[in-house]
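Have the structure open and follow along.

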Amino acid sequence: ATGGGGWLPWLGLALLPLAVPPATAPGGCPSACYCVATPELVQCRYERLEEPPKELPVTVHNLSIAGSNLSVLHRAAFAARPLPDLRLLRLRHDNIHTIEDMALQGLPALRTLDLSHNPLLSVAAGAFAGVPLLRTLQLNQALLAAPLEEQLALAMRNLSLRRLELAGNALRALPDTLLPAGLEELDLRNNSLQRLAAAELRILDAPGLRGLRLTLGANPLSCDCALRPFLAWLRATAARVPDARSLRCAGPPPLRGTALLRLRPEGLVCTATEGGQLETASYVFFGIVLALIGIVFLMVLYLNRRGIKRWLHNLREACRDQMEGYHYRYEQDADPRSTSAISTP
């Protein structure tokens, strides 16, 4: 037993490296995260981090940080230890509201960036500088806190995106400023789109976007007469809308739930809302016409003010003469002497 126990110290020394926390080992997982299968996939979930972990494996390919409180992605937020092989970065539900210039510096191989479910308020013009290979940008439910189309358009101007996800952002129109030439996939599901207008369809048919495929499911499509241009476009280019067969009418009530591709253009009638809009436009036009007539009338009065003044003066004199005549006859009729002279035989 004594001889057999001599190997225990050596066993302890052999197991010592396994007891060292991963964050202290070069190239290991940070203490707030864990690696799945290999250090090439690192997930940091619901650890309430306030900044990206600095001790990440250099060989990491996929990094996911979810449920933290990053708030602001500062300049070179991931550059403390460059990650030359990182291709996918997911920052979902991290309460990110600001992305500063060069925030992604040190990630030269990044191809997919997921910023979904963050209340973005400010995106710097150089926010995506330093990631020239970025091809997929996911911004699902990230544009609800503030209108960011202009800021994003500036930040994306030098990117060569192939896929853009904007689902769940309550968009009411096609975000044409966010559609770079060469874009291949656009996700607009679960927004507030009632239709795509003729001008928006012309944008989709521009030379740089003719290969674009877009998904439109879960939008409140209004199947009235204004839908006719989009319905014709959808029938002609159904291959560009992968979920075309699943698109349904949200209104009016008689067509609710009807598949768009089963509709006939002549069956789409103008709703009462549109009739009310036309009536309102008519009233506005009528009001403008009345205002113009009033302006012309005032100009005529102003240009003829001297003649009008003379006319008013003559009218006043005529009225005065008439009143003096009435007054004189009244005095004559009221004089008792004249009355007695007339009554004496």
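Start at Asp205, which is partly exposed with a relative accessible area of 32%; here buried means under 20% relative accessible area, exposed means over 50%, and partly exposed covers what lies in between, using a 1.4 Å probe and protein chains only. Its partner in a salt bridge is Arg240, with the closest N and O atoms 3.2 Å apart. A salt bridge, in the sense used here, is a side-chain nitrogen of Lys or Arg within 4 Å of a carboxyl oxygen of Asp or Glu. Asp205 sits in the loop between α3 (198-204) and β12 (213-215), while Arg240 sits in the loop between α4 and β14, so this pair ties together parts that are 35 residues apart in sequence. Helices (H or I, at least four residues) and strands (E, at least two) are DSSP runs, numbered from the N terminus. Arg240 counts as buried, at 11% relative accessibility.

Before going on, a word on what you're looking at. This is a predicted model, in which local features need pLDDT of at least 70 and side-chain atom pairs count only at pLDDT 80 or more, whereas totals for chains, interfaces and linings use all residues. Residues are numbered from 1 along each chain as its sequence is written, and side-chain values use heavy atoms, with hydrogens and water left out.

Back to the charges. A search of the whole structure turns up ten salt bridges. One of them joins Asp114 to Arg90, with 3.1 Å between the closest N and O atoms. Asp114 belongs to strand β7 (residues 112-114) and Arg90 to strand β5 (residues 88-92), so the pair ties together parts that are 24 residues apart in sequence. Asp114 is buried, its relative accessible area being 0%, and Arg90 is partly exposed at 29%. Then there's Glu51 with Lys54, where the closest N and O atoms are 4.0 Å apart. Glu51 is partly exposed at 44% relative accessible area, and Lys54 also counts as partly exposed, at 45%. Elsewhere, salt bridges that share partners link Arg163, Glu165, Glu185 and Arg213 into one network.

Now for the cysteines. How many disulfides are there? The count comes to three, taking a disulfide as a pair of cysteine sulfur atoms within 2.5 Å. Cys33 pairs with Cys44, their sulfur atoms 1.8 Å apart. Cys33 is in the loop between α1 (8-19) and β1 (34-35) and Cys44 is in strand β2 (residues 41-45), eleven residues apart, and the pair links distant parts of the chain. The link between Cys33 and Cys44 is right-handed, with 100° about the S-S bond. Cys33 is buried at 9% relative accessible area, and Cys44 is buried at 0%.

Further along, Cys223 is joined to Cys249, at 1.9 Å from S to S. Cys223 lies in the loop between β13 (221-222) and α4 (228-236), and Cys249 lies in strand β14 (residues 249-251), 26 residues apart. The link of Cys223 and Cys249 is left-handed, with -95° about the S-S bond. Cys223 counts as buried at 1% relative accessibility, as does Cys249 at 3%.

The S to S distance for Cys225 and Cys270 is 2.1 Å, and their link is right-handed, with 105° about the S-S bond. Is each end buried or partly exposed? Cys225 is buried at 14%, whereas Cys270 counts as partly exposed at 48%.

What feature does the unreviewed UniProt entry place at residues 283-303? The record gives "transmembrane region"; such annotations may be inferred rather than shown by experiment. In the model, the span of residues 283-303 is 100% helix and 0% strand, and its end C-alpha atoms lie 30 Å apart.
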